[in-house]
Amino acid sequence: MRLNYQLTTNDHRAVGFADFGDPSGVPVITCHGGPGSRLSPKRNAKEAAAAGFRLIGIDRPGYGESSALPGRSIVDWTKDALAVADYLQLEHFFVEGTSTGGSYSLATASVAPGRVLGVLVCCGMTDMSWANEVAEARMKGAMAIWQSSDRDTAIAVAIEQFGQHGEKRFTPNPDAPFRLSPPDIEVVRNPDYLSLDPDNTPFKQGVIGYADDRIADGPANGWSSFDITSVICPVTIIHGEKDWVVPIAHAHHTASIVGNSQLKTYPQHGHLSIGSESIKALKELRKKS
C-alpha cells in the first residue's frame, strides 16, 4: 500500500494517487465521490486484497494532491485516469465510481473501451440534464451551486455548505442541504470510518475540487462531454434504497440508458453504507468480463 504517489501530466499539472493492495491483483481504478480523495478506497482495501483486487485511488483536480483545473468537464478527467494507468503499466482494468465518481467511471469506459474490463457504479449520479427535470431525481442540496452565476460564487456556496476546509462535513445539522439517512448516520458515527482519513484530504485545497465537480456535472452540462453509448463493457449499478443524497431514480435512469448493465438495489442501505457492498459487486462483475 502506497498513499502518496504523484505524477506530472503533459499539461504540467500534478495528479495525486494511491495504490492499495498487491501489484499482482486485478486493478480497479476508483473514482471517488464529491467530496472525496485518492484515499477513499482505504475503506475497502483489506477486503479487496483478500478478493484479489488492487484498488487505485486518484485525486480529481482540486482535491488532495491534484492541481486544480478550473472549467474542467467530466471527460477531461479521463486523461488523468489513463495517465495513471499508463504510469502503473495497466493494460486492462476495471473502474469503480462512487456517487459523483459514477459519471467519471462511465466516461473513462467511453473513451477507453479497449482497456476497461467493466464498470461498477455505486450510488452514482446520473445525467443531471435529465435528472434536474424529474421531481424524484432532482438533487435539491446541490441546486445553490448549480444556480451560481460563476465559479467564485459556486466556491462561496461550497464554503457555506462544508466550511472553508470541510470542517462542517460531518457536523449534525438537520437543515443541511445533504441529509443522511439512518444507515448513513450509523456509518459516520463509527470511529473506524472517521479514522480512515484524519487529515481530511478532500479539503486540503479548500472546497475548489467540490465546486468544480458540481460545475462539471450540473444540469447545464450533464453527460454532454462524453458519449454514453460508447460504453461497451459490462456495467453493474448498485444503489441503496435509503439514499437521501442521490435519489434512487438516478440508478434506474442510468441502467435504462447504459447497454450491458445490471442494476441491484439494497433496501437496508443509504448513500454511504452501500459502499460495504462494493467488493462483492466487483467480484460478480469480474465473472462477466
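Which residues touch the most other members of the largest nonpolar core? Of the 37 residues in that core, they are I58, L106, V119 and V235, where a nonpolar core is a set of buried Ala, Val, Leu, Ile, Met, Phe, Trp, Tyr and Cys residues joined through side-chain atoms within 4.5 Å. Buried here stands for under 20% relative accessible area, exposed for over 50%, and partly exposed for values in between, with a 1.4 Å probe and protein chains only.

The model is predicted, with local features needing pLDDT of at least 70 and side-chain atom pairs counting only at pLDDT 80 or more, while totals for chains, interfaces and linings use all residues. Residues are numbered from 1 along each chain as its sequence is written, and side-chain values use heavy atoms, with hydrogens and water left out.

Leaving aside neighbours within four places in sequence, L106 is in contact (heavy atoms within 4.5 Å) with V119, V121, W223, F226, I228, V231, V235 and T254. A second, separate core of 24 residues includes A131, M139, I145 and A158.

Helices (H or I, at least four residues) and strands (E, at least two) are DSSP runs, numbered from the N terminus. Strand 7, which spans residues 235-240, is mostly covered, 6 of its 6 residues being buried. V235, I237 and H239 point one way from this strand, whereas T236, I238 and G240 point the other way, and all are buried. Two strands pair if DSSP finds at least two bridges between them. Strand 6 and strand 7 pair in the parallel sense over 4 bridges, and within this pairing V121 has I237 of strand 7 as its bridge partner. Strand 7 also runs parallel to strand 8 (residues 261-266), to which 6 bridges join it, and there I237 stands opposite L263. Strand 7, helix 10 (residues 249-257) and strand 8 make a right-handed β-α-β unit; a crossover is right-handed if, with the strands pointing away from the viewer, the path from the first strand over the helix to the second runs clockwise.

P234 lies in the loop between helix 9 (208-217) and strand 7 and is buried, with a relative accessible area of 12%. Not counting residues up to four places away in sequence, P234 touches L117, G118, V119, N260, L285 and K288. The C-alpha atoms of P234 and L117 are separated by 7.4 Å, although these residues are 117 apart along the chain.

**Salt bridges**

Side chains of opposite charge can pair when their charged atoms come close. The structure holds 11 salt bridges, each being a side-chain nitrogen of Lys or Arg within 4 Å of a carboxyl oxygen of Asp or Glu. The table lists some of them.

| Pair | N to O distance |
|---|---|
| D11 and R13 | 3.0 Å |
| D59 and R38 | 2.9 Å |
| R115 and D86 | 2.9 Å |

D59 lies in the loop between strand 4 (53-58) and helix 2 (78-87), and R38 in the loop between strand 3 (26-31) and helix 1 (45-50), so this pair ties together parts that are 21 residues apart in sequence. D59 is buried at a relative accessible area of 0%, and R38 is buried at 3%.

R115 lies in the loop between helix 3 (101-111) and strand 6 (116-122), and D86 in helix 2, so their pairing ties together parts that are 29 residues apart in sequence. R115 is partly exposed at 22% relative accessibility, and D86 is partly exposed with a relative accessible area of 47%. Salt bridges that share partners join D11, R13 and D80 into one network, in which D11 is partly exposed at 43% relative accessibility, while R13 counts as buried at 9%.
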